[in-house]
Amino acid sequence: MPGWQDSGDFELLKIAREGEAGAFGELYERHSRVVFRFLYAHLSNRLDAEDLTEEVFLRAWRSLSAYNDQGVPFLAYLFKIARNVLVDFYRRTGRSGGLMSIEEKTIPDFRSDPSETAMASLEHQEVRRTLDKLREDYRTVLVLRFLSGLSPEETGEVMGRTPGAVRILQHRALSALRSLLEI
Amino acid sequence: MIRSASRSNKEFEEILSQCLELVESGQEPVDKVLARYPDLVEKLRPPLEAASWLLTMRTVLDPRPGFVAASRKRMVKHFQAGDTTVLAPLPSNRWAGLAPLFQRKMVAQIAMLATVTAILLLVGVYSFSFMLKNTIPGEALYGTKLAQERLTLALSLTEAGDTRWRIEFVHRRLDEIQKMIINGQDQHLEETVALYQQQLDQVVADIETTAQTNQELAYTFSNYLQRVISDPTESLRVLLGSVITKDNDEILRVLAITDSELDQLEALGMFAPPSSTATATRTATLTRTPKPTSTLTPTPTRTPKYTATATLTPKRSPTPTYTATPKKDTPTYTPTPTRTPRDKIKPKPTNTHRPTQKPGPNDRD
């Protein structure tokens with residue numbers, strides 16, 4: 001297997017466009033976590049987040065030739081797809097409430113400690129419930145910036161705003177979030 | 001001086017951005033960052049604490065161990081299987097087919113919309129524009145109206161031009177909302193209110209960004225915004241109480257959104273001329289919205305829901321909890337070094353009934 005780890009995103013995309021799935025797999029390895037975090041922050045079910053993460057990359061693979069990397073980083077492109085995937089998911093299923101589903105309770109988890117699994121699930125519900133109380137653009141900017149780790153510039157690409165506007169928005173969003181947290 | 005207040009506001013934004021970068025990078029904990037700016041501790045603490053809480057929640061949202069590796073293998077195997085529908089790229093949107101002809105999606109959009117507009121000019125642009133301007137959501141030409149607005153923004157050469165046009169579009173949304181309620185055509189009212197909020201929010205963000213480099217222009221925009229939305233919002237207040245109950249909720253929501261955004265501009269000193277030493281407030285053409293009571297406050301038995309389809313489709317509580325919150329003393333946050341932030345900061349209980357907001361010190365009735 002070629003040393004994909006040493007190649008930048010641009011090079012990997014170029015090779016992937018020629019049909020090299022392994023190169024695209026490296027892109028998946030690099031970016032799937034942040035995409036997963038973004039999706040899981042909006043969903044109640046971990047399995048759904050996993051499915052949708054794969055759906056995002058599947059769509060990205062299918063539209064590789066349409067992706068033009070001039071000015072739009074690949075990560076920002078992925079998040080645009082992720083938002084569309086989320087919209088389609090909501091339309092299909094309706095947005096569910098914040099409670100843990102049956103599937104969430106019974107999926108196998110590789111963590112050895114069951115209490116750790118339960119705690120992680122409860123914390124996820126807390127995050128979701130708290131973020132759900134925010135208005136949409138506040139929620140989006142916080143999820144992209146602090147949970148998925150995008151820069152203000154990348155976040156601006158995804159949200160269609162300037163980096164300056166993103167910084168102002170995130171400041172307001174953080175203040176709104178703080179008012180929802182108890183000491 | 002207002003100029004000093006505006007400058008220090010800009011400085012504060014820069015300091016906050018730097019502090020967030022430090023917290024985000026993990027270089028320094030929140031308390032050490034706060035120690036750098038003792039005079040700004042009370043203002044910096046809330047957003048930094050919120051950011052810190054979010055950062056500790058990152059690992060909670062991580063995928064299960066082993067998922068990424070297993071999923072990668074599965075996907076690569078699928079792609080390598082040689083499925084032609086996978087290898088043949090599918091357009092992700094309607095513009096992708098034009099991408100080979102035009103290098104940028106925006107050029108394709110502008111070219112197509114410019115062509116449509118040129119044709120419209122041949123068939124009598126004035127009458128068509130008149131019809132377009134008066135069309136409301138749900139009517140056949142409304143999509144074209146929004147497309148024309150997007151084209152206008154795309155053709156605008158400056159950020160100031162963008163802001164000017166966005167203010168105009170906010171005005172149009174208010175007119176549409178008014179007409180929809182009067183005509184009883186309120187099927188798309190919720191979406192239009194959501195779009196209004198989104199566009200007004202963008203305008204306020206534009207003005208705040210402008211204020212960082214050109215306070216006079218920001219002041220001009222703020223007052224222009226206030227002027228153009230003054231009449232429509234007054235008309236909505238007149239309609240309040242004279243229309244059916246479900247539209248009352250949306251009217252109150254529009255007014256609350258408007259007041260909230262104008263309050264933000266006022267708090268930043270955007271309604272005072274940059275050279276003025278007086279502390280000016282915006283002219284009282286907008287009387288304070290009566291505080292919503294039971295119609296907007298969620299009760300345990302009522303869960304009003306509406307969707308905004310402009311972007312994502314969230315279902316959200318009708319009470320914008322970040323707006324009319326009265327000022328309150330933020331308890332001092334004293335960290336205990338042995339405890340992790342996640343243990344200290346928890347979301348407030350969700351089953352607590354939020355009481356009706358009491359008027360705050362800045363409210364005018």
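## Ground rules

Residues are counted from 1 along each chain as its sequence is written, and chains are lettered from A, with ligands numbered from 1, in the order in which they are written. As this is a predicted model, local features need pLDDT of at least 70 and side-chain atom pairs count only at pLDDT 80 or more, while totals for chains, interfaces and linings use all residues; side-chain values use heavy atoms, leaving out hydrogens and water.

## Chain A at a glance

Chain A has nine helices and one strand (DSSP runs numbered from the N terminus: H or I of at least four residues for helices, E of at least two for strands). Along the sequence the pattern reads α-α-α-α-α-α-α-α-α-β. Of its 183 residues, 58% are buried, meaning under 20% relative accessible area, with exposed being over 50% and partly exposed in between (1.4 Å probe, protein chains only).

Take the contacts in chain A with a separation of 6 or more: 64% of them come from residues 24 or more positions apart (a contact is heavy atoms within 4.5 Å). The accessible surface of chain A is about 7000 Å², and carbon and sulfur atoms hold 52% of that (Shrake-Rupley method, 1.4 Å probe; for residues, only the protein chains shown count as cover).

## Helix H7, tucked away

H7(A) covers residues 136–147 and spans 15 Å from first C-alpha to last, close to the expected 16 Å (1.5 Å times one less than its number of residues). Since 12 of its 12 residues are buried, H7(A) is largely enclosed by the rest of the structure.

After H7(A) comes Gly149(A), with a positive phi near 80 degrees.

## Aromatic pairs

Over all chains there are 11 aromatic pairs (ring centres of Phe, Tyr or the six-membered ring of Trp within 6.5 Å; planes under 30 degrees apart are stacked, over 60 edge-to-face, the rest tilted). Phe24(A) and Trp61(A) are edge-to-face, because their planes sit at 65 degrees, with centres 5.2 Å apart. Phe24(A) is in helix H2 and Trp61(A) in helix H3 of chain A, so the pair ties together parts 37 residues apart in sequence. Phe24(A) is buried at 1% relative accessibility, and so is Trp61(A) at 4%.

Phe36(A) and Phe67(B) make a tilted pair, 6.0 Å centre to centre with 45 degrees between the planes. Phe36(A) belongs to H2 of chain A and Phe67(B) to H4 of chain B, so this pair joins two chains. Glu54(A), in helix H3 of chain A, touches Phe67(B) too, along with Tyr28(A), Ser71(B), Arg74(B) and Met75(B), leaving aside residues up to four places away in sequence.

## Nonpolar cores

The largest nonpolar core has 87 residues, and Phe24(A), Leu142(A), Leu44(B) and Leu48(B) touch the most other members (a core is a set of buried Ala, Val, Leu, Ile, Met, Phe, Trp, Tyr and Cys residues joined through side-chain atoms within 4.5 Å). Helix H4 of chain A gives the most to this core, 12 residues. Apart from it lies another core of 31 residues, among them Ile167(B) and Val203(B).
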